[in-house]
Every structure is written in structure tokens, then in C-alpha cells.
Amino acid sequence: MSEKKYVLFIVEGKSDRTFYGEYFNDLISKNNLDLDIKVTGGDILPKKVDDPVNLIKDAFYEELGKTKLKETDFVKIIQICDTDGSYFSEEQFVVDDRKEYYDKTYLYSPNGNPKIYVRDQESKDHLINNKWKDNTINLILIKKRLQNIKIYIKITLNDISNKF
């Protein structure tokens, strides 16, 4: 068994993997923590399943299979996700093709009555069809354990609605 303890971060994409990997490695190094991290990617939360903790479990065991580490080497699993507008009502999605979206599929406007602007109806339909993602996140927050490893969810603040 490894002496060092690990934290697994499950993030959504390649840029998240790069950012969080570098950020947390620097943080651990600067604070001389006897800890190491593993970062794995994949937007697992949009998958519709009965028990979403199994999504985290699958990601954990997939990452474990890539290493010689054991379950007991890990002290935490942290799922970092955005909500893709799942906590917004359908009325808060607005199609507006005149806005500059750059490389994003939507823009969030938090002022006053929060809205999510999308460039076309297809983008709006896609985000509205992901509305059950909030239920997936909520179920994971309720369960919070994978055997003896604590699970944490960190939701990025770029699109949280006024429900929080």
C-alpha cells in the first residue's frame, strides 16, 4: 500500500483537467502536504441513471485501473461540475443570435432576473433537456459516500440561479 494519500478530482473537460491539476498540485506543494492528486475528466453528470453515485464510482474505478493504487490510498473524491443551467426555469432561457458568444454555447446574465442567452433554439432545447442534471447533483449530495471515501461536489458559480 502506498504511504501517500490521494484525492481524486473528477472534472468535466480537458481544460478543467489541466487547470485543476496544476492548481491543486501547486497548492499541495506550497503547503508541504503529504497528499497527492489524481484528476480524471469526463462530463459524467449528464448521464441519466437511477443511482448517480455509480457514475462517480465508475469514474473512480476507471482511474484506479490506470494506476497501482488501492481504494484505501484515496481519502476523498471531489466532483467539480457546472450545472449547465439545470437550476433555471425554461422561461429564463432566451434565444438571441445577435450576442457575441465567442467559443461558448451560452452566456449567463446574473443581473436582475437571471437569464441564459443561447444562439439558437437547438442550444436552448439541449440545455432544457439537461434539466434533470439538478436531480443527479442533488442525489449525489444526499449520498456523499462511496464505501469509506467521502464524495464532495463543487459546483462552479458561473450559472447558479437564485434558488441558492
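**Stop 1: the whole chain**

Start at the N terminus and follow the elements in order: β-α-β-α-β-β-β-β-α-α-β-β. That makes four helices and eight strands. Keep in mind that this is a predicted model.

Now colour by burial. Of the 164 residues, 40% are buried. The protein exposes about 9,900 Å². Carbon and sulfur atoms supply 48% of that area.

How far apart in sequence are the residues that touch? Take the contacts between residues at least 6 apart in sequence. Of these, 69% join residues at least 24 apart.

**Stop 2: F9 and F24**

Hide the surface and show the aromatic side chains. The structure holds eight aromatic pairs. Select F9 and F24. Their ring centres are 4.3 Å apart and their planes meet at 15°, so this pair is stacked. The cut-off for stacking is an angle under 30 degrees.

Which parts of the chain does this pair tie together? F9 is in strand 1, residues 5-10, and F24 is in helix 1, residues 14-30. The pair therefore ties together parts that are 15 residues apart in sequence.

Buried or exposed? F9 has a relative accessible area of 5%, so it counts as buried. F24 is at 17%, and it is buried as well. The limit for buried is under 20%.

**Stop 3**

Keep F24 on screen and select Y20. The ring centres of Y20 and F24 lie 6.1 Å apart, with the planes at 15°, so this pair is stacked too. Both residues belong to helix 1. They sit four residues apart, about one turn of the helix. Y20 is buried, with a relative accessible area of 15%.

Now draw a distance from Y20 to F9, C-alpha to C-alpha. It comes to 8.1 Å. Along the sequence, these two residues are 11 apart.

Which residues make up the ring cluster here? Select F9, F19, Y20, Y23 and F24: ring pairs link them into a cluster.

**Stop 4: T40 in strand 2**

Go to strand 2, residues 35-40, and select T40. Its relative accessibility is 6%, so T40 counts as buried. Show its side chain together with that of E63. The two side chains make a polar contact at 3.4 Å.

What else does T40 touch? Set aside its neighbours within four places in sequence. The contacts are then L8, F9, I10, V11, R17, E63 and K66.

**Stop 5: Q79 in strand 3**

Move on to strand 3, residues 74-81, and pick Q79. Buried or exposed? Q79 is buried, with a relative accessible area of 1%. The Q79 side chain reaches the backbone oxygen of I10 at 3.4 Å. I10 is also one of the residues that T40 contacts.

**Stop 6**

Select strand 4, residues 93-95, and strand 6, residues 115-118. Parallel or antiparallel? These two run parallel, joined by three bridges. To find one of the paired positions, click V94: its bridge partner in strand 6 is Y117.

What lies over its face? K99 does, at 4.4 Å from the ring centre.

**Stop 7: K124 in helix 3**

Finish in helix 3, residues 121-129, and select K124. K124 has a relative accessible area of 16%, so it is buried. Leave out residues up to four places away in sequence. K124 then touches E90, F93, V95 and V118.

Draw one more distance, from K124 to T105. Their C-alpha atoms are separated by 9.4 Å. Along the chain, the two residues are 19 residues apart.

Methods: Residues are numbered from 1 along each chain as its sequence is written. This is a predicted model: local features need pLDDT of at least 70, side-chain atom pairs count only at pLDDT 80 or more; totals for chains, interfaces and linings use all residues. Side-chain values use heavy atoms; hydrogens and water are left out. Buried means under 20% relative accessible area, exposed over 50%, partly exposed in between (1.4 Å probe, protein chains only). Contact means heavy atoms within 4.5 Å. Accessible areas come from the Shrake-Rupley method with a 1.4 Å probe; for residues, only the protein chains shown count as cover. Rings of Phe, Tyr and Trp (its six-membered ring) pair if their centres lie within 6.5 Å; planes under 30 degrees apart count as stacked, over 60 as edge-to-face and the rest as tilted. A charge sits over a ring if NZ of Lys or CZ of Arg is within 6 Å of the ring centre and within 35 degrees of the ring normal. Two strands pair if DSSP finds at least two bridges between them. A polar contact is a pair of N or O atoms within 3.5 Å; within protein, one must be able to donate a hydrogen and the other to accept it, and residues adjacent in sequence count only if both atoms are side-chain atoms.
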